Amino acid sequence: MSSHTQPPSVPPAGVAPPHPARVTAVLDAPLSRWLWLVKWLLALPHYVVLAFLWVAFAVVSVVAFFAVLFTGRYPRPLFDFATGVLRWNWRVAYYAYGTLGTDRYPPFTLADVPGYPARFELAYPEELSRGLVLVKWWLLAVPHYLLLGFFVGGARLAWFSGGLIGLLALFAGVALAVTGRYPRGVFDLVTGLNRWVLRVAAYASLLTDVYPPFRLDQGGREPGVPT
């Protein structure tokens with residue numbers, strides 16, 4: 001019997017280690033040429049629910065701030081809730097005008113749904129820095145906030161939100177109407193931008209101490225994660 005043990009898994013040279021916030025997406029095909037025009041209406045129930053969830057998210061973040069400050073831990077039930085809100089928001093954005101990557105209606109749940117084409121997973125940190133909690137959500141995240149302002153914009157007209165992500169989604173919708181196909185390069189780019197946004201959201205929401213990299217990881221798969 002061999003006594004050799006397997007070495008620990010190490011990402012190949014030149015491949016970034018996995019980030020604790022994992023954003024994955026699968027581009028569905030075929031996609032409807034015209035459904036994207038009314039997704040603002042179809043997604044309205046989600047927008048209403050998310051409005052309440054984000055209020056609760058803000059309250060949970062305040063409670064978690066003091067919990068981390070005094071104990072160095074993010075209470076697990078609160079962590080699961082906050083992660084679930086980010087997950088829900090990502091699924092709706094993927095269905096609607098954050099990507100338009102699927103015609104499958106998002107489920108009404110905070111839980112992970114393995115069969116849905118857009119997923120968000122975040123590893124639970126057993127311990128968080130008490131000192132970082134004082135500065136990471138505003139001071140340390142400022143450079144990312146400046147970039148995210150360009151990515152997501154601030155203007156909103158009916159279903160269209162400004163920013164680079166909104167423009168790319170609009171371009172993808174027009175391409176669908178004209179050709180019936182979602183340009184793969186656009187999908188990879190818009191997914192990478194959404195991944196950046198969600199990494200920053202997880203960091204600024206105190207859910208992780210891992211600083212978001214200034215790196216655009218494009219495509220539906222996370223880098224450094226084996227298939």
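What does the secondary structure of the protein chain come to? The answer is seven helices and four strands, where helices (H or I, at least four residues) and strands (E, at least two) are DSSP runs, numbered from the N terminus. This is a predicted model, in which local features need pLDDT of at least 70 and side-chain atom pairs count only at pLDDT 80 or more, while totals for chains, interfaces and linings use all residues. Residues are numbered from 1 along each chain as its sequence is written, and side-chain values use heavy atoms, with hydrogens and water left out.

**The overall layout**

- If you walk along the sequence, the protein chain follows the pattern β-α-α-α-β-α-α-β-β-α-α.
- The protein chain has 227 residues, and buried ones make up 44% of them. Here, buried means under 20% relative accessible area, exposed means over 50%, and partly exposed is in between (1.4 Å probe, protein chains only).

**A nonpolar patch on the surface**

- Ten names to look for: Trp 34, Leu 37, Val 38, Trp 40, Leu 41, Leu 42, Leu 44, Tyr 47, Tyr 105 and Phe 108 form a nonpolar patch on the surface, with about 920 Å² of accessible area together.
- Patches are made of residues with over 30% relative accessible area and no salt bridge; like charges are joined within 9 Å, and nonpolar side chains (Val, Leu, Ile, Met, Phe, Trp, Tyr) within 5 Å. Accessible areas come from the Shrake-Rupley method with a 1.4 Å probe, and for residues only the protein chains shown count as cover.
- Helix H1 (39-42) and helix H2 (44-71) each supply at least two residues of the patch, and H1 gives the most, with three.
- Tyr 105, one of the patch residues, sits in the loop between helix H3 (76-95) and strand S2 (118-122). Tyr 105 counts as partly exposed, at 36% relative accessibility.

**Salt bridges**

- Side chains of opposite charge can pair when their charged atoms come close. A salt bridge is a side-chain nitrogen of Lys or Arg within 4 Å of a carboxyl oxygen of Asp or Glu, and this structure holds 12 of them.
- One of them joins Asp 28 and Arg 104, with the closest N and O atoms 2.9 Å apart. Asp 28 lies in the loop between strand S1 (21-25) and H1, and Arg 104 in the loop between H3 and S2, so the pair ties together parts that are 76 residues apart in sequence. Asp 28 is buried, at 14% relative accessible area, whereas Arg 104 is partly exposed, at 39%.
- Arg 119 and Asp 112 also meet through their side chains in a salt bridge (2.4 Å, N to O). Arg 119 is partly exposed, with a relative accessible area of 22%, and Asp 112 is partly exposed too, with 26%.
- Asp 217 pairs with Arg 215 in a salt bridge, their closest N and O atoms being 2.8 Å apart. Asp 217 is buried, with a relative accessible area of 9%, while Arg 215 is partly exposed, with 30%.
- Both Arg 215 and Asp 217 belong to a network of salt bridges that also links Arg 195, Arg 199 and Glu 222.

**Backbone spots to check**

- Ala 29 and Pro 30 are joined by a cis peptide bond, with omega about 0°. You'll find Pro 30 in the loop between S1 and H1.
- Leu 100 has a phi near 65°, a positive value in a residue other than glycine. Leu 100 is in the loop between H3 and S2 and counts as buried, at 1% relative accessibility.
- Leu 206 also has a positive phi, near 75°, and is a residue other than glycine. Look for Leu 206 in the segment after helix H7 (184-204), where Leu 206 is buried, with a relative accessible area of 5%.

**Two packed helices**

- Two packed helices are described by the angle between their axes and the distance between the axes.
- Helix H6 (residues 164-179) and H7 pack at an angle of about 150°, with their axes 10 Å apart. That makes H6 roughly antiparallel to H7.
- Axes are lines fitted to C-alpha atoms, for helices over the stretch in contact, and angles run from 0 to 180 degrees between N-to-C directions. Angles under 35 degrees count as roughly parallel, over 145 as roughly antiparallel, 65 to 115 as roughly perpendicular and the rest as oblique.
- Phe 171 has its place in H6 and is partly exposed, with a relative accessible area of 48%. The C-alpha atoms of Phe 171 and Val 186 are separated by 8.4 Å, and the two residues are 15 residues apart along the chain.
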